[in-house]
Amino acid sequence: MKAAIAFALLTAATVGPAAAQWQRGDQDEAYQGRRDGALMSLRAIENGIVPRMKVRGADYIGAEFDGSTGRYRLKFVRSGAVIWVDVDGRSGAIVAHAGD
């Protein structure tokens, strides 16, 4: 039993920093893209998308950035179902929609 707990703690200590590093890389890319003028700010993208989804009865959960595609994924929930809206970080255009 003690060995299983020790293994779980060791695994969590090893995986946690790697996951945080991955997220940090995407955050850095979003920051750099915004600073260089290549990407719209997340706030500007949210201002264009969130009100439209709110009218449709969806509550905004949050967003994440994918540095490899330059897209933001905005997440919403409506009636217990999660909705993903992928938005091009350069233009603010919706490029994919799932879960609705």
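**Strands and aromatic pairs**

Tyr72 stands opposite Val87 in β3. That is our way in. One caution: this is a predicted model.

β3 covers residues 81-88 and pairs with β2 in the antiparallel sense. Eight bridges join β2 and β3. The two strands form a hairpin, with two residues between them. Look at the turn. Ser79 has a positive phi there, about 50°.

Move on to the next hairpin. β3 also pairs with strand β4, residues 94-98. The sense is again antiparallel, over four bridges. Asp86 stands opposite Ala96 in β4. Five residues lie between the strands of this hairpin. Gly92 takes a positive phi here, near 85°.

Now the rings. How many aromatic pairs are there? The count comes to two.

Take Tyr60 and Phe76. Their pair is tilted, with 5.3 Å centre to centre and 50° between the planes. Where do they sit? Tyr60 lies in strand β1, residues 59-66, and Phe76 in strand β2, residues 71-78. So the pair ties together parts that are 16 residues apart in sequence. Is Phe76 buried or exposed? Phe76 is buried, with a relative accessible area of 0%. Tyr60 is partly exposed, at 29%.

The other pair brings us back to Tyr72. Tyr72 and Phe65 form a tilted pair, 4.8 Å centre to centre. The angle between their planes is 55°. Both Phe65 and Tyr72 are buried.

To recap Tyr72: it pairs with Phe65, it is buried, and it stands opposite Val87.

Key
Residues numbered from 1 in each chain as written. Predicted model: local features only at pLDDT ≥ 70, side-chain atom pairs only at ≥ 80, totals over all residues. Heavy atoms only, no water. Phe/Tyr/Trp six-rings, centres within 6.5 Å; stacked < 30°, edge-to-face > 60°. Buried < 20%, exposed > 50% of the residue type's maximum accessible area, 1.4 Å probe, protein only. Pairing = 2+ DSSP bridges.
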